[in-house]
Amino acid sequence: MSTDNNDNILFADAEANYEDAEFVLYGVPFDGTSTHRKGSEYAPRAIRQESYNFESHILGYDIDLLTPPIMYDSGDIPELKSLNQMLKSVELSTHGVLDDNKFPIVIGGEHSLTPAVIKAFTSGKHTEFDNLLVVILDAHMDFRSQYLNLENSHACTSRRVSELVGVENVYPVGTRSFSSEEKIDSEKMNLKYLTSFEIFEQSIEKELMNGLATFNNKAPIYLSLDMDVIDPAYAPGVGTPEPYGLTPLDIKKCIDLLAPRLVGFDVVEVSPPFDNGNTSSLAAMMIRTMVAAVKTKK
Ligand code: MN
Ligand code: MN
């Protein structure tokens, strides 16, 4: 197994030098705003551990992640003692990756990190991200203006992101839970979202294609994967499990569809203390699928 100087495990097959790498991974072991099941601070390590179970050849994409290596894992980002520190560190790290023209892959941690990543996309010198569309796979709408007096809670992710890219450029997918307040605000502000029930009516390809057609169809896409979008039967180890969820194959199809336009990715909300290992394993596989899809379809 690959380890760095601090004996911290790194993601499997992330064997490229930084200079040669196209994809840069970094972990954010922070769960400071989680209220139901804490533990996502242990997810970066658990996901990296599970990543060693898989072949470097990714079936269906005709790619080997080691020939040549295209991923670099810079380990966990430092300075995570408070929510504000975490947000600053994530934004700074993402700026660095984008300035080097590499594709950021953020391993959470909780969903509160996503707005900091998006802030780096929208506040830098990169005009290619001007119309960024943010697709958020999540059981929850995360559209609260604040939660427990906290604006940057993991329950407010899509709301904060909408303030950065415009509500017309945010697309929650797999939704099956929101508060009355979120329902009112989403209607008032015209937030488009796709529920898991709508997806079950047809298929994720059809529903997602139809949905995406209502957005700018040339915009680059950032994909945020809150693992609780997947049904608890497949992904039991998450902070806030929600029944009536998508299947792992739905997520793979979604990744395949978005891959040609993807410019960044995060996977969040895995809670290893509540997992039997399979949720971390699934998260690791989805990172690998996303890399294979972007590398071969872009
Ligand atoms: Mn979320
Ligand atoms: Mn969620």
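In these legends, a donor is an N, O or S atom within 2.8 Å of the metal. With that in hand, let us tour a predicted model in a few close-up views.

**View 1**

Distant parts of the chain are linked here: His-140 is in the loop between strand 6 and helix 4, Asp-226 is in strand 9, and the two are 86 residues apart. His-140 is buried, with a relative accessible area of 14%, and Asp-226 counts as buried at 2% relative accessibility. How far apart are the manganese ion (ligand 1) and the manganese ion (ligand 2)? They lie 3.3 Å apart, and Asp-138 bridges them.

**View 2. Strand 7 and its two partner strands.**
Look for strand 7 (residues 170-175), where six of the six residues are buried, so the strand is largely enclosed by the rest of the structure. One of its partners is strand 6 (residues 133-137), which runs parallel to strand 7 and is joined to it by four bridges. Another is strand 8 (residues 194-195), which pairs with strand 7 in the parallel sense over two bridges. Val-173 is a handy landmark: this residue of strand 7 is the bridge partner of Leu-137, and Val-173 also stands opposite Leu-194 in strand 8. As you follow the side chains along the strand, keep one idea in mind: in a regular strand they alternate between the two faces of the sheet.

Strand 6, helix 4 (residues 157-165) and strand 7 make a right-handed β-α-β unit. Continuing from strand 7, helix 5 (residues 180-189) and strand 8 complete another right-handed β-α-β unit. Which side chains meet in a salt bridge here? Asp-185 and Arg-159 do, at 3.0 Å from N to O. Asp-185 sits in helix 5 and Arg-159 in helix 4, and the two are 26 residues apart. Asp-185 is buried, with a relative accessible area of 10%; Arg-159 is buried as well, with 11%.

Side chains of opposite charge can pair when their charged atoms come close. How many salt bridges does a search of the whole structure find? The search finds ten. In one pair, the side chains of Arg-288 and Asp-13 meet at 2.6 Å, N to O. Arg-288 belongs to helix 9 (residues 278-297) and Asp-13 to the segment before strand 1 (23-28), which puts them 275 residues apart. Both Arg-288 and Asp-13 are buried.

Glu-22 and Lys-295 form another salt bridge, at 2.8 Å from N to O. Glu-22 lies in the segment before strand 1 and Lys-295 in helix 9, so this pair ties together parts that are 273 residues apart in sequence. Glu-22, at 34% relative accessibility, counts as partly exposed, and so does Lys-295 at 35%.

**View 3. A salt-bridge network.**
Here you can find three linked residues: Arg-48, Asp-73 and Asp-76 are joined in a network of salt bridges.

**View 4. A nonpolar patch on the surface.**
Phe-197, Phe-200 and Tyr-244 form this patch, and together they have about 350 Å² of accessible area. Tyr-244 is found in the loop between strand 9 (221-226) and helix 8 (248-258). Is Tyr-244 buried or exposed? With 57% relative accessibility, Tyr-244 counts as exposed.

How values were computed
Residues numbered from 1 in each chain as written. Chains lettered and ligands numbered in written order. Predicted model: local features only at pLDDT ≥ 70, side-chain atom pairs only at ≥ 80, totals over all residues. Heavy atoms only, no water. Buried < 20%, exposed > 50% of the residue type's maximum accessible area, 1.4 Å probe, protein only. Pairing = 2+ DSSP bridges. Right-handed = clockwise from strand over helix to strand, strands pointing away. Salt bridge = Lys/Arg side-chain N within 4 Å of Asp/Glu carboxyl O. Patch = residues over 30% accessible without salt bridge, like charges linked within 9 Å, V, L, I, M, F, W, Y side chains within 5 Å. Areas by Shrake-Rupley, 256 points an atom, 1.4 Å probe, with all protein chains shown as cover. Donors = N, O, S within 2.8 Å, 3.2 Å for Na, K, Ca; no water.
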